Amino acid sequence: MIDIQTIATSGLGDRSYLVTDGEVAVVIDPQRDIDRVLDLAADLGVRVALVAETHIHNDYVTGGLDLAQRTGAAYLVNAADEVGFDRTPIADGDEVTAGSMRLRAIATPGHTHHHLSYALLDTSTGEAPGGAVVAVFTGGSMLYGTTGRTDLVSPADTVELSHAQFHSVRRLVDQLPAEAAVYPTHGFGSFCASTPASGADGSTVGQEASTNPALTQDEQDYVDALIAGLGAFPTYYARMGPANAAGPAPVDLSAPEPVDPAELRRRLEAGQWVVDLRGRTAFAAGHLPGSLGYELSTPFVTYFGWTFDFDAEVTLIGDDARQVADAQRELVRIGIDRFAGAATGPIESLTAGQGLRSYPVSDFTGLAAARAQRGQDGPFVVDARRDEERAAGGVAGSVHIALHELPARRDEVPDGEVWVYCGSGYRASIAASMLDRPGRDVVLINDDWPRAADAGLAMTDEPATTGS
């Protein structure tokens, strides 16, 4: 009996899969930290025989090449993709067998030009010549209630790929049985989805036929809606495709070297990247001057990668070694490998005599009260959300500087009192840490966006800028 195990990477909104017949395994779209795959295979007592990529990924560094080399598995990558390593080339209609399982490649361009989906056939049932289709691994093609975005290859190719995505999803429905389970790689929070996925934890080809916009809309309506819904995506995506095509180096998860408080202070005074992983309110209550606060939680790796200088080394500060190791694992998935060291323990023990900075934490009700008290002299307010969020409305009088634009625009924010908000408090906390400096009194709004209206704050639907 075929068993499909999901390996979720919640920080990137992706899933990989290990499929086994009890003796051998097929792995689909593995992330770079392949120890998770190796441990799962060992627990199940199976040998990895095939590693298959649905496409050259744009949102993470693959572990496929490393996994194939370590296990001796065949590495399936589309023959049309130009890559810098040996692989087992595969193309539309090709089939590869592992034990009682068979993978059939189906060309599904759209997310990329050479995207493949893989139909999984069980050859042990005898129900159909060559095996019965039990599932399909759809990568960035058919997702749960949506499809993969089509603008990551090149803006010039977006329209062409959007039309291709429409036909690819319809091809899957035409060729596969309605009861076949659907297993996408993207669509669990990944920016690779064109629109938010349905939130379902599973689906079938038949279910998608009645709910997926590529199957319920006509072609032009689908294309128009898809393109209109495409918002910003992390800038580090531009680095992932070339890294994956070249052949990523094996992952290194060895612990960063310890950094003592005196050296930590030297690095901070030199303006180096020193990142504090503690919770946002703990950071606000006390942090080393010059450090940046990136709370280690689900959005961590996306917004870190979106704002990080990839030419820099990074020093991590954490409560303990486990927190540092968890952050390192997240970061290597997007190719951040240059760790200059780490420091752990109570933040007070890391000061080396320099003292701590802090700033208050409030909410939208607190902002409303501050504005009511001071009127036109109310505080400067920064909206750190993305453009598409701002387009749906913002706090009247606030200045919109999306978090990923803030490193280049922080000097547009004046000294004095500055309040910062986003959709939940997470991005605002990063922005607050970037803005924190002598002469500027930052206040973090640690609150959910819908509560802004509930607090009685005036709203605007006009994007606000500093005039730059």
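How many helices and strands are there in the protein chain? This is a predicted model, and its protein chain has 16 helices and 23 strands. With a radius of gyration of 24 Å, close to the 23 Å that the globule rule gives for 468 residues, the chain is as compact as a globular protein of that length. Its C-alpha trace spans about 75 × 50 × 35 Å along the principal axes.

As for contacts, take the ones with a separation of 6 or more: 70% of them are between residues 24 or more positions apart. Here are some whole-chain values.

| Property of the protein chain | Value |
|---|---|
| Buried residues | 54% of 468 residues |
| Accessible surface | about 18200 Å² |
| Carbon and sulfur part of the accessible surface | 49% |
| Positive side chains | 33 |
| Negative side chains | 65 |
| Distance between the centres of the two charge sets | 5 Å |

Now for a couple of helices. H15 (residues 426–435) is mostly covered, with 10 of its 10 residues buried. That run takes in Arg 427 as well as Ile 430, Met 434 and Leu 435, among others.

H11 (residues 321–332) is a handy check on helix geometry. Buried in H11 are Gln 323, Val 324, Ala 327, Gln 328, Glu 330, Leu 331 and Val 332. And what covers those buried residues? The cover includes helix H10 (300–307), along with strands S15 (314–318) and S16 (339–344).

Definitions and conventions
Residues numbered from 1 in each chain as written. Predicted model: local features only at pLDDT ≥ 70, side-chain atom pairs only at ≥ 80, totals over all residues. Heavy atoms only, no water. Helix = DSSP H or I, 4+ residues; strand = E, 2+ residues; numbered from the N terminus. Rg over C-alpha atoms; globule rule 2.2 N^0.38 Å. Buried < 20%, exposed > 50% of the residue type's maximum accessible area, 1.4 Å probe, protein only. Contact = heavy atoms within 4.5 Å. Areas by Shrake-Rupley, 256 points an atom, 1.4 Å probe, with all protein chains shown as cover. Lys, Arg positive; Asp, Glu negative; His and termini not counted. Charge placed at Lys NZ, Arg CZ, Asp CG, Glu CD.
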